[in-house]
Amino acid sequence: MSDVLSQLLEALGPDVVSTGDAIPARYRHDWSGLPPVQPLALLRPRSTEEVSKALAICNATGTPVTPQGGLTGISGGAHPDAAAVSLSLDRMNRIEGVDPEMATLTVEAGVVLEAAQAAASEAGLMLGYDLGARGSCTVGGTIATNAGGNQVIRYGMAREHILGLEVVLADGTVVNAMNRMIKNNAGLDTKQLFIGSEGLLGVVTRAVLRLQPRPPFTATAFCGCPDLPAGLRLLQAARKALGPALTSFEVMWPSFYHFMSDGTHQRRILAEEHGIYVIVEASAFTETAAREMLETCLGAAMEEGDVTDAVLAASGKDERALWAVRESVAEYPNLMGPINAFDIGIPLERMAEAVAALESGLKAKFPDAITLSYGHIGDSNLHLVVNVPSAGQQQPDKEIKGFVYGMTRDLAGTISAEHGLGLIKRAYLGYSRTPEEIALMRQVKAALDPNNILNPTKAFA
């Protein structure tokens, strides 16, 4: 047994440290689709103190560490490394409490997002960011990737909901920055260093989350629009008519909606086919206000020809049905097999051009390619999923990525809108950031992790 494993076992015990075949299969991969890897060891600490001990030992021995949350990322940021120790925070899943006066929620990093949302709701408040993977992703993982999701158009990215953090640095130093106040300008806001850093600068162990008033009523509509320009005019109209009541604006191209509704045996909401499909959600403190605002907005859009058909949910059951296809993305492995999944940002004025060029270009390169386009278009965020059936398990990953990221660069977009860089996008960082920005990132990394043990093969490391 190696020296580092002996030290970890002595300091933390076999309940925390697993090796070899004792490492469960679920910790050997994330959702990126990369092949499973058995790490050098799996650590599952139960406290910040144990995280600190583990990192101090790994830093002293030069042992790489891969921090892991809910393993739901698609960029490979939590994917194991055979030469590294995997550090899972899933046992650190305590909800420490809600402060209704300060409107805060204090949690450990391993708390599942859905559990944090439920704790806020029980106190009559809400946590304002939401993801399709809410039932399995962890708060720590959403902080590490600065996650976005379905309500960014109203509440912002994860960064907007973080008031304070506790972080363990590479050498085991515990930084307590558990601020609970909205206003705190006493020096640098150090927590910002770690939000979106993908575990390269430190391991988040606890967080203070900012909560919002919870509007008790939502109104949800499923719309068919002639094309994306019409959908963008609907977006402008919804922003004007609904203001802060607009909580979601999701767009699905036919490539996604038809394929996924048929594949999952979901009844199509609208009788006719349309150029794009849009889910618009409004929230308010009275049911009448939510519905009337949305009805008025859609009525005007139909008169303008920007919406050709629409269904307004009459119940919570109806709302879930309207969202069902959009939230069916976990079915990709069953319907498509191995995929290349992209999380890119494109300026809205070039979004229609981008989707047309990406889908047609991929078809030209791979005639049997399946390309699915959808996303949080109100936030300029496009998701693209690609599978080439004839390639089987050996997908032409390099060619697909080169084409998609090259076009993203040429359209002045970003290669990562909300899922980080991880392993998969690391080589393309220069497509979205300048050399000076990348150099600064690496200077910060060198200052906080001089031995380069934290996720050393990922992102900007």
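Analyst: Two strands pair if DSSP finds at least two bridges between them. Helices (H or I, at least four residues) and strands (E, at least two) are DSSP runs, numbered from the N terminus. The structure above is a predicted model, in which local features need pLDDT of at least 70 and side-chain atom pairs count only at pLDDT 80 or more, while totals for chains, interfaces and linings use all residues. Residues are numbered from 1 along each chain as its sequence is written, and side-chain values use heavy atoms, with hydrogens and water left out.

User: How many bridges join S5 to S6, and in which direction do these strands run?

Analyst: Strands of a sheet pair through backbone hydrogen bonds, in a parallel or an antiparallel manner. Here S5 and S6 run antiparallel and are joined by four bridges. Gly 97 has Thr 106 of S6 as its bridge partner. The two strands form a hairpin with four residues between them.

User: What is the order of the strands in the open sheet?

Analyst: The open sheet has five strands in the order S5-S6-S10-S8-S9, and their pairing is antiparallel. S5 (95–99) and S9 (174–177) stand at the edges with a single partner strand each, so one side of each has no neighbour in the sheet. From one strand to the next, the twist averages 10°; axes are lines fitted to C-alpha atoms, for helices over the stretch in contact, and angles run from 0 to 180 degrees between N-to-C directions. Within the sheet, S6 (residues 104–108) and S10 (residues 203–210) run antiparallel and are joined by five bridges. Leu 105 has Leu 209 of S10 as its bridge partner.

User: Which helix packs on the sheet?

Analyst: Helix H3 (residues 113–122) packs there, touching S5 and S6, and its direction makes about 35° with that of S5. Contact means heavy atoms within 4.5 Å.

User: Which residues of H3 are buried?

Analyst: Leu 113, Ala 116, Gln 117, Ala 119 and Ala 120 are the buried residues of H3. Seen down the axis of H3, these residues fall within an arc of 160°, so they line one face of the helix; the arc is that of the directions from the helix axis to the C-beta atoms. They pack against S5, S6, strand S7 (125–126) and helix H4 (139–145). Just after H3, Gly 124 takes a positive phi of about 80°.

User: How many residues line the second largest pocket, and which lie nearest its centre?

Analyst: On a 1 Å grid over the protein atoms alone, a pocket is an open set of points where a 1.4 Å probe fits, with protein on both sides within 12 Å along at least five of seven lines; lining residues have an atom within 4 Å of a point. The lining of the second largest pocket has 26 residues, of which Asp 130, Arg 134, Gln 151, Thr 218 and Glu 281 lie nearest the centre. This pocket holds about 810 Å³ of space, where grid points are joined across faces, edges and corners and the volume is the space filled by probe spheres set on the points. H3, S12 (217–225), S13 (246–252), S14 (276–284) and H9 (316–323) each supply at least two lining residues. H9 gives the most, with four residues.

User: Where is Gly 224 placed, and is it buried or exposed?

Analyst: Gly 224 belongs to strand S12 and counts as buried, at 0% relative accessibility. Leaving aside neighbours within four places in sequence, Gly 224 is in contact with Leu 270, His 274, Ile 276, Val 307, Thr 308 and Asp 309. Gly 224 and Glu 273 are 49 residues apart in sequence and 7.8 Å apart in space, C-alpha to C-alpha.

User: Where is Thr 408 placed?

Analyst: Thr 408 is in helix H12 (residues 397–410) and is buried, with a relative accessible area of 1%. Leaving aside neighbours within four places in sequence, its contacts are Ile 344, Gly 345, Ile 346, Gly 413, Thr 414 and Ile 415.

Note on methods. Buried < 20%, exposed > 50% of the residue type's maximum accessible area, 1.4 Å probe, protein only.
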